[in-house]
Amino acid sequence: MEANINPATGLATDYLNHFYEAIMLLELLPSCPDCRDDILAWRPMSYREHFAASAFSDRALAIAAYETVDAALRTRLEELATDMGALVAEIHTVLQANPAPGASDQLAVYTAAQLRPLAAQAAALINGSTEAPQAVIDGLMNT
């Protein structure tokens with residue numbers, strides 16, 4: 001398959017960019033307080049929503065391929081996306097309460113740290129890996 005769509009799974013890694021953006025903004029908050037508004041503006045998107053709104057050149061192909069993805073795989077990816085969206089929603093609630101800058105900075109970094117393994121699990125699903133995400137990371141680090 002083309003367009004960065006994994007031929008084994010029918011999924012495109014471009015979807016993860018949406019969540020990596022949230023992680024990046026959360027990690028930047030301590031050094032860039034202006035990121036607060038960007039974090040608050042970030043909203044979770046489903047796979048279909050992400051591609052429909054993206055500039056990805058083969059977005060229609062990515063959406064069409066998604067419809068053919070194994071139901072269990074699609075469900076697991078949607079569960080991970082829901083979990084990641086819920087974590088960001090929690091920090092939205094905290095940031096809207098205007099906590100002390102240090103407290104919101106720590107929570108942002110903590111939330112980003114919780115999002116990373118979920119994003120790694122999603123990447124493993126999209127890439128068709130049967131290994132646990134940490135095993136994949138360890139393997140990459142040892143090469």
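Helices here are DSSP runs of type H or I with at least four residues, numbered from the N terminus. By that count, L115 lies in helix 6. The model is a predicted one.

Start at L115. Its relative accessible area is 2%, and the cut-off for buried is under 20%, so L115 is buried. What does L115 touch, leaving out residues up to four places away in sequence? The partners are I23, L26, M84, L87 and V88. G85 is another reference point: its C-alpha atom is separated from that of L115 by 9.2 Å, while the two residues are 30 apart along the chain.

Now widen the view to the helix pair. Two packed helices are described by the angle between their axes and the distance between the axes. Helix 5 covers residues 71-96 and helix 6 covers residues 101-127. They pack at an angle of about 170°, and their axes are 10 Å apart. Angles over 145 degrees count as roughly antiparallel, so helix 5 is roughly antiparallel to helix 6. By class, the contact between helix 5 and helix 6 has 17 nonpolar, four polar and two charged residues. On the helix 5 side, the contact residues include L73, L77, L80, M84, L87 and V88. R76 and D83 also take part from helix 5. Helix 6 contributes L107, L115, L118 and L125, among others.

Next, the connection. N98 lies in the loop between helix 5 and helix 6.

Turn to the aromatic rings. A search of the whole structure finds six aromatic pairs. One of them joins Y47 and F51, with 4.8 Å centre to centre and 55° between the planes, a tilted arrangement. Both residues lie in helix 3, which spans residues 47-53. They are four residues apart, about one turn of the helix. Y47 and F51 are both buried.

The pair belongs to a wider group. Y15, F19, W42, Y47, F51, F56 and Y66 form one aromatic cluster. Y66 has a charged neighbour as well: R74 lies over the face of the Y66 ring, at 5.7 Å from the ring centre.

Methods:
Residues are numbered from 1 along each chain as its sequence is written. This is a predicted model: local features need pLDDT of at least 70, side-chain atom pairs count only at pLDDT 80 or more; totals for chains, interfaces and linings use all residues. Side-chain values use heavy atoms; hydrogens and water are left out. Rings of Phe, Tyr and Trp (its six-membered ring) pair if their centres lie within 6.5 Å; planes under 30 degrees apart count as stacked, over 60 as edge-to-face and the rest as tilted. Helices (H or I, at least four residues) and strands (E, at least two) are DSSP runs, numbered from the N terminus. Buried means under 20% relative accessible area, exposed over 50%, partly exposed in between (1.4 Å probe, protein chains only). A charge sits over a ring if NZ of Lys or CZ of Arg is within 6 Å of the ring centre and within 35 degrees of the ring normal. Axes are lines fitted to C-alpha atoms, for helices over the stretch in contact, and angles run from 0 to 180 degrees between N-to-C directions. Angles under 35 degrees count as roughly parallel, over 145 as roughly antiparallel, 65 to 115 as roughly perpendicular and the rest as oblique. Contact means heavy atoms within 4.5 Å. Ala, Val, Leu, Ile, Met, Phe, Trp, Tyr, Cys and Pro count as nonpolar, Asp, Glu, Lys and Arg as charged, and the others, Gly among them, as polar.
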